[in-house]
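Student: I have a structure open and want to go through it step by step. Can we start with the charged pairs and then move on?

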Amino acid sequence: MSFGYDTSNYKPAEDRGGFAIIPDGTYPAALTGAEANSDGADKWLRCEFTIREGEHKGRRVWRSLTTHHGDAEREKKGRRLISQLLAAAGRPDAEGPDSILNIPLSIRVGQWKSDSGPKNT
């Protein structure tokens, strides 16, 4: 698949605008989307969080949370994070992500370095 034009003719803007890195910290947010994904026996939940207040209001952060994986430690970590998410939403016994959509909660945003520069986690 191609973009249909020569991408080398366009240089990245210095001001990343809506793509600027969100500083590390805790932010008021809500889970605004969740999609189940799988690859063979591995399964994960792709979560979208939207910041609700402050300078970064409306910005979105994505996180994949593992539910099933061949690596037991990775699976355990993902399931623990899902439990933390449910507790933060006040619904520790929720059966699925749809039941916690748009409930106010706090998320911790961090950063990691990729080959293309810093990214939010």
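**Salt bridges, surface and core**

Student: How many salt bridges does a search of the whole structure find?
Tutor: This is a predicted model. A search of the whole structure turns up a total of 3.

Student: Which residue does Arg-60 meet in a salt bridge, and what does the pair tie together?
Tutor: Arg-60 sits in strand β3 and its partner in strand β2, so the pair ties together parts 12 residues apart in sequence. The N to O distance is 3.2 Å. The partner is Glu-48.

Student: Is Glu-48 buried or exposed?
Tutor: Buried means under 20% relative accessible area. Glu-48 has 16%, so Glu-48 counts as buried.

Student: Where do Arg-79 and Glu-75 lie?
Tutor: Their side chains meet in a salt bridge, 3.6 Å from N to O. The two residues are 4 apart, about one turn of the helix. Both lie in helix α1.

Student: What is the closest N and O distance between Arg-52 and Glu-53?
Tutor: Arg-52 is partly exposed at 30% relative accessible area. Glu-53 is partly exposed too, at 45%. They form a salt bridge, with the closest N and O atoms apart by 3.8 Å.

Student: Which element gives the most to the positive patch?
Tutor: The patch gathers Arg-63, Arg-74, Lys-76, Lys-77 and Arg-80 on the surface. Lys-77, for one, lies in helix α1. With 4 residues, the top contributor is helix α1.

Student: Which residues make the nonpolar surface patch?
Tutor: The patch covers about 440 Å². One member, Tyr-5, lies in the segment before β1. Tyr-5 is partly exposed, at 47% relative accessible area. The patch is made by Phe-3, Tyr-5 and Tyr-10.

Student: Which element gives the most to the largest nonpolar core?
Tutor: This core has 19 residues, and Leu-85, Ile-100 and Ile-107 touch the most other members. The elements giving two or more residues are β1, β2, β3, α1 and β4. With 4 residues, the one that gives the most is β2.

Student: What pattern does the protein chain follow along the sequence?
Tutor: The chain has 1 helix and 6 strands. Of its 121 residues, 26% are buried. Read along the sequence, the pattern is β-β-β-α-β-β-β.

Key: Residues numbered from 1 in each chain as written. Predicted model: local features only at pLDDT ≥ 70, side-chain atom pairs only at ≥ 80, totals over all residues. Heavy atoms only, no water. Patch = residues over 30% accessible without salt bridge, like charges linked within 9 Å, V, L, I, M, F, W, Y side chains within 5 Å. Areas by Shrake-Rupley, 256 points an atom, 1.4 Å probe, with all protein chains shown as cover. Salt bridge = Lys/Arg side-chain N within 4 Å of Asp/Glu carboxyl O. Lys, Arg positive; Asp, Glu negative; His and termini not counted. Charge placed at Lys NZ, Arg CZ, Asp CG, Glu CD. Core = buried A, V, L, I, M, F, W, Y, C linked by side-chain atoms within 4.5 Å. Buried < 20%, exposed > 50% of the residue type's maximum accessible area, 1.4 Å probe, protein only.
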